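Hi everyone, thanks for coming. Let me walk you through a structure that will be new to you, so please have a look at it with me.

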Amino acid sequence: MRLVERAAELAQMLELLGECAPDRGGAAVISGGIGCGKTELLSAVRDVAAREGFLVLSAIGSWAERESPGSVMFQLLRGAEGPLGACAELAVLLDRVTRRHEPPDAVDGHGGFAQQTLDADTTGALHRLCLAVIGAAARTPVLLCIDDVQFTDSLSLYWLLQLLRRAPSAPIVVVVAEGTLSKPAHPQLHAALLSRPGYRRVPLARLTVAGVAELITDHLGGHAGRMPATACHAVSGGNPLLVRALVEDCRQAGEPTAGAVPQLVVGDAYAETVLSCIHRGRPVLMRLAQALAVLDMDSEPSRLARLLEEDEATMSRGACALEAAGLLDSGRLHPVARTAVLESLAPQQRSALHARAAVLLYQDGAPATTVARLLIASEDRGQPWAMDVLCEAAERHLAGNRVSDAHPCLEAALRVCQDDGARVGIKALFAGTAWMLNPSISARHLGELATALHDGRLPDRHALTLAKFLLWHGRFDEALEAVDRIGEGQPGCDPAAAAEIRATRELLATTYPGSVRRPPGPPGGRRWAAGRAQDDPRVLGAAALAHVLAHGPDDEAVADAEAAMRAMRLSKSTQEWIVCATSVLEFADRLEAVANWCDHWLEQARTRRVPLWEAEFASLRARVALRQGDPLQARRLAQAALAQVPAESWGVCIGGPLSNLVQAATRTGDYDAASEYLEVPVPAGLFRSRFGLYFLHARGRYHLETGRPYAALDDFATCGALMQAWRFDQPTLVPWRSEAARAHLAVGDRQRAYDLARQELDLAGERPSRARGIALRTVAACGPDDGRLEPLTEAVELLRGCGDRLELAGALGELAHALTAAGLTGQARHELRTALRLAEAAGALPLARALTAQAEGVPRGGSAARAHPADLYLLSGAERRVAVLAALGQTNREIARRLAVTPSTVEQHLTRVFRKLGVRTRQELPTHGIPVEGAD
């Protein structure tokens, strides 16, 4: 095996061999961390020495054989009977020395050799074995190699020292490799080697990043790019043994996906090699690694010594050994190595070590979150302070938005809590964290909490949270008791509590209007109170949504919602109100802004690792995508929401993601999928929440699109009745009258359809909005044929401005039909081209097919119809520049010279321009448009 970054060290060793002469020997000590290449370097030296005619004697020390008398000496001399002397005689000598069952008392208490108590026969045998090696050296130079010399048994060390003393100038080269494990090899051996001529100390450093890259290339060849060398060096610490293990993990992982950024794979081979490295040291090294794995922090040797009941010096040397081997990074094991080390402990041992560590850190005043982690991993939580520590840790995790960390703390606190009064409060907190991770988990605790509320044992502050949980799961009667409890308090003396109560009631009233009434506002204004409570962004966001649902959107509501979102950070005490504020922008047609806010909150939810938050924001973003006319994205987002939180865990709020899926599938023509979504069981309580409106709307559209107008009418009428009863009758929420009007058209009741459409238009008001654009489309569809151009033209402009591309495509198609009837076929073809492009881009296959069929029926006039200047937004900047210059009559070469590009590039741009604008000649390009640089 080729040595990497060891050329200088190998050169020193070869120089040592070259200096060996009849009256000159040599010595070298190779030192380095476990796995850093000492054995490989020794092997290379032995190979060279053998080729140069040396007699090579080698052995390996081990912790397991350190008490076996003569084990290393036996390895050195066995198999060399020929060069050393007669086979039978040498075998007798080795047997005489190594058959002792107890090692000699070779080491005194000061690190030196004590007076030997060997019998005369053994002493004589050791002397003759020394003479055999010295005699062989007189005939041929000898290389004597010992790997892991620190584990050499006492008898072998004694013999080795005798050999060195008796042959100070014999051509014997002694090379030993010493690992930085715990204690170094015997100091007298080091002294004897140091006195040898040509002594060399050869420390082996770990590999650099370049060395790691070179080693990866040696093993993977042309596939070396699959492993990032910098990341590999960071994990392996430059330890060649660990690098090779990571290479094996890379091989096992297989070929990466095409175009994917190379990622380091840390797997089983790495974990097994780490354990192998640790096992090569003293057993205390494994115990030290286990302690570090349990603590999972950079710990002082004194703390480790107390935990393991070892002396501090041993811990310090052991930590240095692990560091030298590249196994530690800032005093901590790599997560994969940590897991492997912990699994090396039996379950009871692991639990006991965690328990001891918890007590130790508690005594040292460590943070509650650190002590709690150890308590959770142990089975012994009987300490009198355990519950307090676990509860404090949970509160700190919740304050830091680490819900997944708080949950096990509260679960453990419940198991150790013996006080019924405290248990109710802990249970309420536990249900709250469980609800954010998966609402189904919290459901099993609601009965106990509702009973505690009824009995007066649940603190009022927890009634706020309990009400939300009960409503979510459709337990409305119990929820109303909790809501009433909220109103029984006396918040006047505590503005913060008053703000929280007001915000919660506003939230519940906008989400569950069938069960919770909105609290009355102050006279003469929308602000509910003055002073500090007015500044609570949660109240601001929820009140803005309540206003929009009751009165429609306006600029003040949007300003309040945006101010609320800017003032809030995502947390368990703000998430639901952030959803309220975000919904205000959605209903106010600020679709680009609300999409950006949704994406921001969705990323925040992912960062905080709270599945429910991620699911709710994904569902809200899907609803926004539907309003933008992007059903494909809406479906992906809604599916992601249900992947985070399964349908059965959504409670009555399942209407949100489910309605998004039904609408998205219906609009793209995937009616089978829409039918399957509608078969998902929904709780009866769904229709006492705002999400029931979305579900009825989606199901009604599905019925209408699949030829069941009467079923659609039932859904739209039910939706309208609920909205009117809840005083939420705003078209921006659900345009149920427009939908019902089209259903009436489908059954031939044009007058009723027209009346509903006019009512919708009146409710939408004069303010430019998506709701007004939809209402104008419906009025045109239900009204007289000769009066369609004006409302459809306005509808197109409104829908283009609000950003709903799919509603715009439908309106353009209807406008093209009216233009054709008026004889304006050229303009009709233009509108149809634009509509068809929008429908195809949205994946709305039913609409695209209908528009295609409509286009085939539009006759072509004698003159070409120009593309509309507004269509230039479909082009890139370079394409717009070429299109405008071509429309002005410039040739390809003239355009190329003006824009400093080649004529071929101009031709390519024009090809894409024609395809995007749906034109065939330059004469159909718009003669004016967006001013662009270089085209003026």
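Before we start, contact here means heavy atoms within 4.5 Å. Helices (H or I, at least four residues) and strands (E, at least two) are DSSP runs, numbered from the N terminus. Angles run from 0 to 180 degrees between N-to-C directions, with axes fitted as lines to C-alpha atoms, for helices over the stretch in contact.

This is a predicted model: local features need pLDDT of at least 70, side-chain atom pairs count only at pLDDT 80 or more, and totals for chains, interfaces and linings use all residues. Residues are numbered from 1 along each chain as its sequence is written, and side-chain values use heavy atoms, leaving out hydrogens and water.

Let's begin with helix H6, residues 120–139: it lies across E2, E3 and E4, at about 130° to E3. Those strands belong to an open sheet of five, ordered E2-E3-E4-E1-E5 with parallel pairing; two strands pair if DSSP finds at least two bridges between them. At the edges, pairing on one side only, are E2 (55–60) and E5 (200–203). E2 is joined to E3 (residues 142–147) by six bridges, and Val56 stands opposite Leu143 in E3.

Now to helix H17, residues 347–363. Its 17 residues should span 24 Å at 1.5 Å a residue, and the end C-alpha atoms are 25 Å apart, which agrees; the expected span is 1.5 Å times one less than the number of residues. What do its buried residues pack against? They meet helices H13 (283–295), H14 (301–308), H16 (335–343) and H18 (368–377). After H17 comes Gly365, with a positive phi near 75°.
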